[in-house]
Amino acid sequence: GAGASRERERGRESGGGGERMDVEEAREERRKQAELRAAAAERRMMMQQKPTTTTTTTTTTTPSTSPAECVIRSTSGELHYNLSSEWKSLDDSEMSELFCCLFGSTCSNLVLSQWTSQGLQVGEESILAQQQGGPCGVLAPVQAFMTKHLVFNSKFGGDLSAVSLEESRRALKAGLCEALWRAGNYERGCLFVLKPPASETVGKVKESISLLESACSLDDILGCFKDMLFCKTFKARTALRGELDNAIEVFQTD
C-alpha cells in the first residue's frame, strides 16, 4: 500500500512538471506569433507609404501643398521655393537651441565647412556617400531608414546592387519622412528649408563660414545663418512627405 502511494505521488509530480513545460511552450509560441504579426504589420505599413488622396464634397486633392504653389521656376530655369505664410523664420532663441544641439557652444570653421559641403548622395548599392568627417551622426540613421524601406519593399530581391537609382531615391524620401515623423512622436513633423533662392543662400552661408576664425563661438555661427532658415510643422504624415518631395526637388544638385 505504501509503495503504491509513493508511485502515485511520483506520477503526480511528473505530471505537474509536464504541465509546466506545456505552459512554457505555449507562452513561447504566443511570443513568436506576436513577433510574426508585428513584422507583417510593419511590412504592410511600408507598402502603404504612398500619399493617399482626400475626398471633399467638391474636389479630390492631396493633403500636401500643390507643387505649383510652393515651387516656382525662374527665367534661368532654376527651381525656387515660394514660401507661404505657414513657413516661419527661426528667431534667435530657436536658432541657438538648434545649433547648440548640433555643435555645442563652440565650433571650428573646418567642422562647419564639412557640414555645409555634405549632401545626400546615393552611391553604389544604395549607400549614402560621405564626403568628409562630421555629419555621420545624421547620415547613419538616414541610411538605416533608407535601407529599411528598400529591404521591406515587396519588389526587393535580396541584392542591393540590383536596386535602381530611382528606387533608391524613393527609399531615401520615405526614410527621411519616417525619421522626421518619429522625431515628432508620430504626431507631427518639422521641415527646415533655406531661404530662396537656395543656390544664392548656400553661397552666402559658405562665404560667411569661410570668413570665420578657426575657433568660433555660437554667436558667430548664428550670424552666418541669420534669417536664412525657415520651418514648417506638419500634422499629417502624407503632407510632410509631399512637402519633403518638393524640397528635395528644389535643393538637389548634379
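**Figure 1. Pairing of β5 with β11 in the predicted model.** Strands β5 and β11 run antiparallel and are joined by two bridges; strands pair if DSSP finds at least two bridges between them. Strands here are DSSP runs of E with at least two residues, helices are runs of H or I with at least four residues, and both are numbered from the N terminus. Ser89 has Phe230 in β11 as its bridge partner. Residues are numbered from 1 along each chain as its sequence is written. The model is predicted: local features need pLDDT of at least 70, side-chain atom pairs count only at pLDDT 80 or more, and totals for chains, interfaces and linings use all residues, while side-chain values use heavy atoms, with hydrogens and water left out.

**Figure 2. The open sheet β5-β11-β9.** Three strands make up this open sheet in the order β5-β11-β9, with antiparallel pairing. Its edge strands, each pairing on one side only, are β5 (88-89) and β9 (189-194). Strand β11 (residues 229-234) runs antiparallel to β9, and six bridges join the two. Phe192 stands opposite Cys231 in β11, and Val193 has Phe230 in β11 as its bridge partner.

**Figure 3. Helix α3 against the sheet.** Helix α3 (residues 92-103) packs on the sheet and touches β5, β9 and β11; a contact means heavy atoms within 4.5 Å. The direction of α3 makes about 90 degrees with that of β11. Axes are lines fitted to C-alpha atoms, for helices over the stretch in contact, and angles run from 0 to 180 degrees between N-to-C directions.

Figure 4. Lys232 lies in strand β11. Lys232 is buried, at 6% relative accessibility; buried means under 20% relative accessible area, exposed over 50%, and partly exposed in between (1.4 Å probe, protein chains only). Five of the six residues of β11 are buried, so the strand is largely enclosed by the rest of the structure. The side chains of Lys232 and Glu86 are joined by a polar contact of 2.9 Å. Such a contact is a pair of N or O atoms within 3.5 Å; within protein, one must be able to donate a hydrogen and the other to accept it, and residues adjacent in sequence count only if both atoms are side-chain atoms. Between Lys232 and Phe192, 40 residues apart along the chain, the C-alpha atoms are separated by 6.7 Å.

Figure 5. Cys100 is partly exposed, with a relative accessible area of 37%. Cys136 also counts as partly exposed, at 42% relative accessibility.
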